[in-house]
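Hi everyone, thanks for coming. Please have a look at the structure on the screen, and I'll walk you through a few parts of it.

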Amino acid sequence: MTVSSRYQSSEYEALATDVQVSLRHVSKVFPGKRGLLNRWTGKARSDYLALDDISLDIQHNKFVSIIGPSGCGKSTLLSIIAGLSTATSGSVWMDGKPILGPGPDRGMVFQNYALMPWMTVEENIRFAVETVYPKMSLTRQKNIVRENIQLVGLNGAEKKHPHELSGGMRQRVGIARALSISPQILLMDEPFGALDALTRGFLQDEIERIWEQQRQTVIMITHSIEEALLLSDEIVMMTRGPAAKIAQILEVPFPRPRNRETLDQYPSYHELKAEMERHLSRETRAVEESRVQAA
Ligand SMILES: Nc1ncnc2c1ncn2[C@@H]1O[C@H](COP(=O)(O)OP(=O)(O)OP(=O)(O)O)[C@@H](O)[C@H]1O
Ligand SMILES: [Mg+2]
């Protein structure tokens with residue numbers, strides 16, 4: 001278990017060629033809305049500093065999880081890396097180039113699936129492929145769609161619409177859609193959050209299997225300590241907001257392929273788990289206390 005110190009560098013430095021994504025002094029302020037009152041204090045809403053001076057390096061082919069109390073800024077951080085949101089200050093880099101917007105090099109799996117309700121499973125995935133690769137032959141596009149449907153185990157559901165699918169199946173479509181554009185990085189925002197424990201377990205195992213095959217960089221937000229320990233190489237633990245920061249980065253040393261049944265046989269599994277539980281309960285308690293004081 002180590003705390004990395006390589007996240008303090010002041011500027012982007014392409015020192016380690018294996019660094020794929022770099023955040024340097026990233027802060028995010030959401031501007032306050034005049035006329036709206038804070039529900040806790042009754043005062044006018046002022047600017048909200050969500051992320052404060054975050055620097056982070058993510059290496060190629062690593063599975064990195066982000067964990068932190070609810071509302072601390074995890075989705076904000078991920079959407080800045082996706083290019084869907086911009087940092088108020090600081091910079092974000094991918095392979096030495098600044099991230100200025102969304103791109104096909106990053107595939108996003110959204111927490112709420114974000115599927116087109118009027119399109120079938122097949123059409124949802126094909127739409128992404130067509131958009132990213134408009135010049136690709138129709139046959140190749142169809143093959144990619146078929147391969148990815150197979151990869152996530154959705155065979156037989158190709159012609160169904162999202163409303164005809166279970167939550168787990170919708171999430172599989174979201175994962176297949178993100179993978180179908182062959183992104184260099186897969187970004188996942190609580191991909192299993194809305195699922196029952198059994199489906200969640202199945203999908204975690206599938207993500208582990210797919211990751212073993214493809215070994216591309218993954219950045220995943222999760223609230224589950226066990227999920228983070230099963231899937232990740234590194235776990236980024238964030239502090240509570242406002243002004244959330246990175247508290248600590250844990251390295252997860254277990255060999256792969258990993259098996260959920262046997263993972264807890266490693267003594268360090270329990271140390272890492274306890275470390276994460278301590279962090280999350282400390283930060284969550286502090287959030288609750290500040291709410292009580294503000295009320
Ligand atoms: N568009 C926005 N405008 C104003 N404030 C926002 C906006 N988006 C997020 N915030 C605020 O920024 C903070 C971080 O939000 P974010 O959604 O990133 O948290 P999170 O860690 O992903 O939370 P959760 O675990 O509940 O998904 C929250 O206090 C939220 O209210
Ligand atoms: Mg979120």
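**A walk through the model**

Let's start inside: the largest nonpolar core has 67 residues, and those touching the most other members are Ile-81, Ile-125, Ala-176, Leu-186, Leu-187, Ile-219 and Val-236. A nonpolar core here is a set of buried Ala, Val, Leu, Ile, Met, Phe, Trp, Tyr and Cys residues joined through C-beta atoms within 7 Å; buried means that 20 or more other C-beta atoms lie within 10 Å of the residue's own, with C-beta atoms placed from the backbone.

Keep in mind that this is a predicted model, where local features need pLDDT of at least 70 and side-chain atom pairs count only at pLDDT 80 or more, while totals for chains, interfaces and linings use all residues. Residues are numbered from 1 along each chain as its sequence is written, and chains are lettered from A and ligands numbered from 1 in the order written.

Next, the sheet. What is the order of the strands in the open sheet? The six strands run β6-β7-β8-β3-β9-β10, with mixed pairing (strands, E, are DSSP runs of at least two residues, and helices, H or I, of at least four, numbered from the N terminus; a pair needs at least two bridges found by DSSP). β6 (106–109) and β10 (246–251) are at the edges with a single partner strand each, so one side of each has no neighbour in the sheet.

β9, residues 234–238, pairs with β10 in the antiparallel sense over five bridges, and Ile-235 stands opposite Leu-250 in β10.

Methods:
Buried ≥ 20, exposed ≤ 12 C-beta atoms within 10 Å, placed from the backbone.
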